[in-house]
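This briefing concerns the model shown below.

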Amino acid sequence: MFQSAARGDQHLPRGVVVASFETYEQAQAAIAKVSGAQGELAGLAIVGNDLKLVERITGRLTWGKVALAGAMRGLGFGAFIGLVYMLFVPEAITSVLLFPLLGLAFGILMGVMTHSMTRRKRDYASVQQVLAARYDVVAPQQSAGRAMHIIGQRGAPAAPEPQAGDPATDRPVAEQPPSPPAA
């Protein structure tokens, strides 16, 4: 999703907006349609516009929920450390059981301490996501007409590019005689 930015491509895609959609899945389906019709994919981009941060509240945080969540995180982390320790010291299998218990206790302690520091400001659980109001499919100028036609948003069909050795393009086109002027 963010691969081109890692290569130093840090500018917005330039070209023509060939289609706009309400959901990211619809924009992906349009790209798949272009791909299925053997259209030019290089240079196509999906651009999310009018970004909004949405935080959905999932419930109230209580001391019990905080302690339970901390216990589960600590237990998982302790089990992972125990397994890694067992790989390096196989004869210490009895001490491996100690790591999940230590993780459990440490997780409860950290969860309760963190909640006690933020309790007055934030006593609810939530999840955040970034959503766009509109997703535009942008194509380079030279392939925009064909992409528009394939997606079916607007535009006329682009003439297919001539292929070398194609009999239809290798034949000379006969000139048409000029039509008589209208009276």
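Contact here means heavy atoms within 4.5 Å. The model is predicted, so that local features need pLDDT of at least 70 and side-chain atom pairs count only at pLDDT 80 or more, while totals for chains, interfaces and linings use all residues. Residues are numbered from 1 along each chain as its sequence is written, and side-chain values use heavy atoms, with hydrogens and water left out. Helices (H or I, at least four residues) and strands (E, at least two) are DSSP runs, numbered from the N terminus.

**Packing of α3 and α5**

- Helix α3 (residues 63-88) and α5 pack at an angle of about 145°, and their axes lie 6 Å apart; axes are lines fitted to C-alpha atoms, for helices over the stretch in contact, and angles run from 0 to 180 degrees between N-to-C directions.
- The two helices α3 and α5 make a right-handed crossing (left-handed if the near helix is turned anticlockwise from the far one by less than a right angle, right-handed if clockwise).
- By class, the contact of α3 with α5 comprises 13 nonpolar, nine polar and no charged residues; Ala, Val, Leu, Ile, Met, Phe, Trp, Tyr, Cys and Pro count as nonpolar, Asp, Glu, Lys and Arg as charged, and the others, Gly among them, as polar.

- G74 belongs to helix α3 and counts as buried at 7% relative accessibility (buried is under 20% relative accessible area, exposed over 50%, partly exposed in between, with a 1.4 Å probe and protein chains only).
- From G107, G74 is separated by 33 residues in sequence and by 4.1 Å in space, C-alpha to C-alpha.
- Not counting residues up to four places away in sequence, G74 touches P100, G103, L104 and G107.
- H115 lies in helix α5 (residues 98-118) and is buried, its relative accessible area being 5%.
- Leaving aside neighbours within four places in sequence, L61, W63, V66 and D123 are in contact with H115.

**Helix α6**

- Buried residues in α6 (residues 141-151) are S143, A144, A147, M148, I150 and I151.
- These residues cover an arc of only 160° around the axis, which puts them on the same side of α6; the arc is that of the directions from the helix axis to the C-beta atoms.
- Their cover includes β1 (16-21), α2 (24-36) and β3 (124-139).

**Strand pairing**

- β1 and β3 pair in the antiparallel sense over five bridges, two strands being paired if DSSP finds at least two bridges between them; S20 stands opposite D136 in β3.
- Strand β2 (residues 45-60) runs antiparallel to β3, joined by 14 bridges, and L51 has A132 in β3 as its bridge partner.
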